[in-house]
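Hi everyone, thanks for making time this morning.

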Amino acid sequence: MIFIIMIIFKNYKTVFVLSISLVMILISCQQKQDKQQSVSESDNISLIQFVNPFIGTKNMGHTFPGATSPFGMVQLSPETNMQSMFVNGEYNQDTYKYCSGYQYEDSTIFGFSHTHFSGTGHSDLGDFLIMPTHGKLKLKAGDASLPESGYHSQFSHKNEYAEPAYYKVLLDDYNIITELTATDRVGFHQYTFPESDSAHIILDMTFNIYNYNNKNVWTFIRVENDSLVTGYRQTKGWARTRMLYFAMQFSKPFFHYGHENYDEIIYNGFYRRFNEKENFPEMAGKNISAYFDFKTVENEKIKIKFALSSVSTAGALKNLNEEIPHWDFERTKAESQEKWNTELSKIIVETISPENKETFYTALYHTMLSPVVYEDVDGVYRGLDQNFHYSDGFKNYSIFSLWDTHRALHPLFNLIQKKRNNDMIKSMLAHHDQSVHKMLPVWSHYSDENWCMIGYHSVSVIADAIAKGTTDVDTKTALAACINTSTCGYFDALDSYMEMGYVSEDVTSSSVSKTLEFSYDDWCIAQIARYSGDDEVYDNYSKRSRSFENVYDASVGFMKPKLSDGEWKKEFDPLDTHGQGFIEGNAWTYSLFVPHNVDKLIEIMRGEESFVQYLDSLFSMELEDKYIEKNEDITRDGIIGNYIHGNEPGHHIPYLYNWTSSPWKTQACVRMIMNTMYGNQEDGLCGNDDAGQMSAWYLFSALGFYPVCPGSERYEIGSPLVKEAKIDIGEGKTLTIRTVDQNEKNIYVLNVEINGKMLDRNYFLHSEIAEGAEIVFYMGDVPVSRGITLSHVLTVH
């Protein structure tokens with residue numbers, strides 16, 4: 001018998017006709033051997049050739065194309081515009097476009113700064129902008145719409161090139177070739193000048209990403225000699241108290257230097273006795289721009305090594321001398337690219353098309369741009385308490401966008417970056433110990449907690465590593481930190497949540513989203529308690545993990561905001577976000593955020609049939625523009641019906657069909673999302689990459705499975721896009737993914753084998769692959785029933 005089911009994804013005007021039939025697949029041993037050889041032959045190929053750093057630099061991806069090392073503190077990249085965060089006291093919406101400093105559609109470059117976020121939906125950083133020029137000195141950047149109005153330059157993409165650890169561009173206004181590379185803590189500039197007796201290197205300390213008046217608290221520059229400059233900057237932005245030090249070494253002496261101070265100077269003490277503007281070796285103020293003058297012959301290269309430190313200029317100098325003790329630009333580039341090749345080689349894939357391979361390896365590249373190393377080469381770093389600490393027994397990391405990255409990025413690290421992820425967890429625990437609130441990070445960068453987004457998802461990262469056996473942290477210590485974090489009553493109305501079992505909307509906004517995410521996080525804490533042998537805490541947090549039931553209104557079929565008196569909020573639109581109890585999602589999306597207890601969710605939503613209809617409607621309904629026009633981080637590019645892939649709360653949703661008798665719908669949805677929402681061009685991301693989360697979703701899905709509930713051992717089966725993959729999971733162990741009859745049309749999984757044994761469920765466990773394994777997906781163009789067991793109760797294995 002054949003059933004025909006039609007789902008219309010209106011946003012793409014695409015009709016998927018999905019047929020169900022029983023199919024038997026047979027394959028010979030020789031075919032298996034041939035498949036294995038195809039990946040093995042790729043082992044020694046340089047993989048950086050498949051990375052396109054420009055993917056995501058157009059529109060909403062918010063990635064940057066500049067030079068960096070894997071997880072490096074320095075991200076040396078161009079700024080294509082300067083936008084103030086506020087204009088005439090109003091928020092400037094164009095600021096949002098420049099979260100990473102770069103937009104592909106621009107034709108101007110304002111300079112090259114050393115710190116950037118990758119893919120975020122809010123921003124900071126952009127430290128220590130350098131711009132090479134010659135001719136008449138201009139110290140103001142100018143207006144992008146007015147050529148020659150300042151020191152910025154025009155450029156063309158035909159003269160621009162990027163690959164991992166290398167960026168090159170011709171600055172048209174000056175005929176200067178810019179080349180950039182980087183180590184973990186040092187940016188390496190190489191500028192090829194024309195002949196000039198007035199060549200300049202500008203160091204603009206006024207520039208910030210998400211800049212506004214008085215963002216700079218103080219800046220300081222010290223000219224140590226005719227080729228070495230040191231200094232620091234303190235800013236008050238997304239990070240409230242951020243200190244960053246630098247050491248800047250030139251390859252040749254400058255013959256003249258100076259600066260401009262743009263402050264209104266009320267009192268300058270006895271410094272008034274000096275002419276501070278020229279050849280005076282101290283420069284200080286909130287907003288200063290410095291310059292250093294050279295004479296150049298045709299095609300002369302001026303090189304700059306620019307080191308960062310959170311501790312001191314002495315620390316920056318130590319980083320500089322340790323990481324680049326020479327002036328060989330090509331050597332540094334080659335060494336950093338070898339690091340990239342080593343990291344990218346942790347997953348070797350054969351893909352259906354060359355385009356898919358570029359998309360895959362660029363996604364893998366994007367997952368390694370943060371978190372970043374945040375300590376000097378001697379292990380010293382500035383902590384959350386603004387004191388100096390030594391990372392004894394671990395490497396300290398920063399930039400934890402945990403609302404995003406707990407979902408797939410950190411679970412990916414538990415496969416291919418176990419040691420780094422273990423160090424990241426120890427960095428989170430150090431953050432807790434230094435916190436005056438005694439909380440784990442919520443969203444932290446550098447030596448600051450910025451309190452962005454909701455939940456306390458550090459606990460998810462910790463629970464996932466414990467469940468998968470990839471961390472050596474003391475579970476009791478970790479549990480204590482998780483309990484402290486989850487009982488800080490003044491954080492996001494946790495006191496209300498602990499008292500009533502839900503966050504009330506008249507106490508704080510986004511109450512439903514907070515309740516749901518607290519509920520999941522509490523489930524994670526319960527799992528840590530179980531591993532720690534603490535039954536009392538396990539029981540308490542297991543009870544808290546069921547709080548999602550308290551905000552489900554069966555009369556409307558949605559999670560819904562509730563007030564302090566126990567009554568439901570009367571004005572309610574399940575398609576809207578603002579004022580409805582949600583953040584970056586609506587009731588349709590967030591009603592499905594119960595990753596730790598999907599069986600109960602299906603039960604309260606009136607059973608499997610209603611649940612499937614709900615999912616079908618989500619993907620096929622039409623969402624009016626009025627519901628997204630107020631959200632700067634959501635556009636049509638990332639929407640399918642009412643499903644928003646361009647934002648994180650729904651990333652698990654396509655996999656929820658696995659809890660029903662229609663897992664083939666998961667396979668169809670996942671494959672469609674990969675093919676339409678990701679690509680190998682500049683607009684190849686349908687939304688913010690969010691510190692690697694969007695890319696991690698793609699990687700997991702392309703490999704054929706996804707961690708719907710981090711903190712458990714389970715991976716849900718989807719529809720692999722790769723033909724074959726060999727994943728280095730550490731300690732000499734390999735997870736091999738093979739597919740049979742894989743092509744663009746065969747999107748359905750007919751059967752799955754793990755180590756030669758046929759799987760009778762829609763998921764497998766981490767413990768089944770932890771020692772190395774071979775997973776074989778048998779693919780076809782029509783879905784089949786595989787005798788799947790439908791019980792999906794999440795337990796600790």
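Let me begin with a convention: a crossing is called left-handed if the near helix is turned anticlockwise from the far one by less than a right angle, and right-handed if clockwise. Helices here (H or I, at least four residues) and strands (E, at least two) are DSSP runs, numbered from the N terminus.

A word on where this comes from: it is a predicted model, in which local features need pLDDT of at least 70 and side-chain atom pairs count only at pLDDT 80 or more, while totals for chains, interfaces and linings use all residues. Residues are numbered from 1 along each chain as its sequence is written, and side-chain values use heavy atoms, with hydrogens and water left out.

So, helices. Please find α11, residues 511-532, and α12, residues 535-544. They pack at an angle of about 160°, with axes 8 Å apart; axes are lines fitted to C-alpha atoms, for helices over the stretch in contact, and angles run from 0 to 180 degrees between N-to-C directions. That makes α11 and α12 roughly antiparallel to each other, on a scale where angles under 35 degrees count as roughly parallel, over 145 as roughly antiparallel, 65 to 115 as roughly perpendicular and the rest as oblique. The crossing of α11 and α12 is left-handed. From α11, the contact (heavy atoms within 4.5 Å) includes Trp-523, Ile-525 and Arg-530, and from α12 it includes Tyr-538 and Tyr-541. By class, the residues of this contact of α11 with α12 are seven nonpolar, three polar and three charged. For those classes, Ala, Val, Leu, Ile, Met, Phe, Trp, Tyr, Cys and Pro count as nonpolar, Asp, Glu, Lys and Arg as charged, and the others, Gly among them, as polar.

Next, α7 (residues 418-434) and α8 (residues 458-467), which pack at about 140° with their axes 10 Å apart. Their relation is therefore oblique, and the crossing of α7 and α8 is left-handed. Asn-421, Ile-425, Met-428 and Leu-429 of α7 meet Ser-458, Val-461, Ile-462 and Ala-465 of α8. What classes make up the contact of α7 with α8? Six nonpolar residues, two polar and no charged.

Helix α7 has another partner, α6: the axes of α6 and α7 come within 6 Å and cross at roughly 130°, so these two are oblique as well. On the α6 side the contact includes His-410 and Phe-413, and on the α7 side Asn-421 and Met-428.

Keep Phe-413 in view. The whole structure holds 55 aromatic pairs, where rings of Phe, Tyr and Trp (its six-membered ring) pair if their centres lie within 6.5 Å, with planes under 30 degrees apart counted as stacked, over 60 as edge-to-face and the rest as tilted. Phe-71 and Phe-413 have ring centres 5.7 Å apart and planes at 70°, so the pair is edge-to-face. Phe-71 sits in the loop between β3 and β4, Phe-413 is in α6, and they are 342 residues apart.

Now the sheets. Nine strands form an open antiparallel sheet in the order β11-β12-β13-β14-β22-β18-β17-β16-β20; two strands pair if DSSP finds at least two bridges between them. Which strands are at the edges? They are β11 (160-163) and β20 (282-285), each pairing on one side only. Neighbouring strands of this sheet are turned by 15° against each other on average, direction ignored.

Within it, seven bridges join β16 to β17, and Phe-220 has Tyr-232 in β17 as its bridge partner. At the other end, β11 and β12 form a hairpin with two residues between them, and Ala-165 in the turn has a positive phi of about 70°. Helix α2 lies across β14, β17, β18 and β22, at about 125° to β22. Helix α3 packs on the sheet too, touching β11, β12, β13, β14 and β22.

There is also an open antiparallel sheet of three strands, β28-β29-β30.

Two backbone details to finish. A cis peptide bond, with omega about -5°, joins Ser-370 and Pro-371, and Pro-371 is in the loop between α4 and β24. Asn-59 is not a glycine, yet has a positive phi of about 70°. Thanks, and I'm happy to take questions!
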